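User: I'd like to go through this one with you and check what the labels rest on. Can you take me through it?

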Amino acid sequence: KTDILSHDIGYSLVHKNAEKDTSEFLSTGEQNVISLILFLISYKEYDITPTFEKNKVVKMQSCKYFETNVIEVDGSLERDYAVLDSFVIYIAVEGKVQIKYDEGTISVSCGESILIPASISDVVLQGHGKLIEVYIP
């Protein structure tokens with residue numbers, strides 16, 4: 001994949017597209033989410049090496065502000081957010097996954113992310129890939 005996130009000289013996260021030889025600064029919100037995810041994943045002083053299982057949610061880190069999980073999708077997996085009063089962010093880190101909800105379907109491929117609004121209470125994840133899932137518990 002040619003899309004990468006990197007630190008610019010000013011420590012700003014930049015989205016670089018090598019195919020088009022262009023760069024775009026990520027919005028402050030996107031930078032904050034990515035920084036928070038990196039912080040949560042590296043926060044513990046001990047090594048966190050989870051065991052991934054297909055179509056299972058693996059908790060990476062959790063605090064009172066955010067919960068971060070990894071989901072390895074292989075086929076189909078339903079996610080019910082009815083009791084959750086939060087948006088959900090999916091960041092694709094491998095493969096390609098379709099996210100189906102009442103009003104349609106959207107695909108995310110490695111390096112892409114999507115925000116699911118709190119008004120969507122359930123989704124079906126289909127395809128083959130690995131997602132980072134972030135929400136407010």
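**What the labels rest on**

Analyst: The chain has 1 helix and 9 strands, where helices (H or I, at least four residues) and strands (E, at least two) are DSSP runs numbered from the N terminus. This is a predicted model, so local features need pLDDT of at least 70 and side-chain atom pairs count only at pLDDT 80 or more, while totals for chains, interfaces and linings use all residues. Residues are numbered from 1 along each chain as its sequence is written, and side-chain values use heavy atoms, leaving out hydrogens and water.

User: What is the mean pLDDT of the chain?

Analyst: The mean is 75, and 64% of the residues reach 70 or more; pLDDT is the predictor's confidence in each residue, from 0 to 100. Over residues 1–18 the pLDDT is below 50.

User: What makes the pairing of Glu133 and Tyr81 a polar contact?

Analyst: Their side chains are joined at 2.4 Å. The term takes a pair of N or O atoms within 3.5 Å; within protein, one must be able to donate a hydrogen and the other to accept it, and residues adjacent in sequence count only if both atoms are side-chain atoms.

User: Which residues does Glu133 touch?

Analyst: Leaving out residues up to four places away in sequence, the list includes Val57, Arg79, Tyr81 and Tyr90. Contact means heavy atoms within 4.5 Å.
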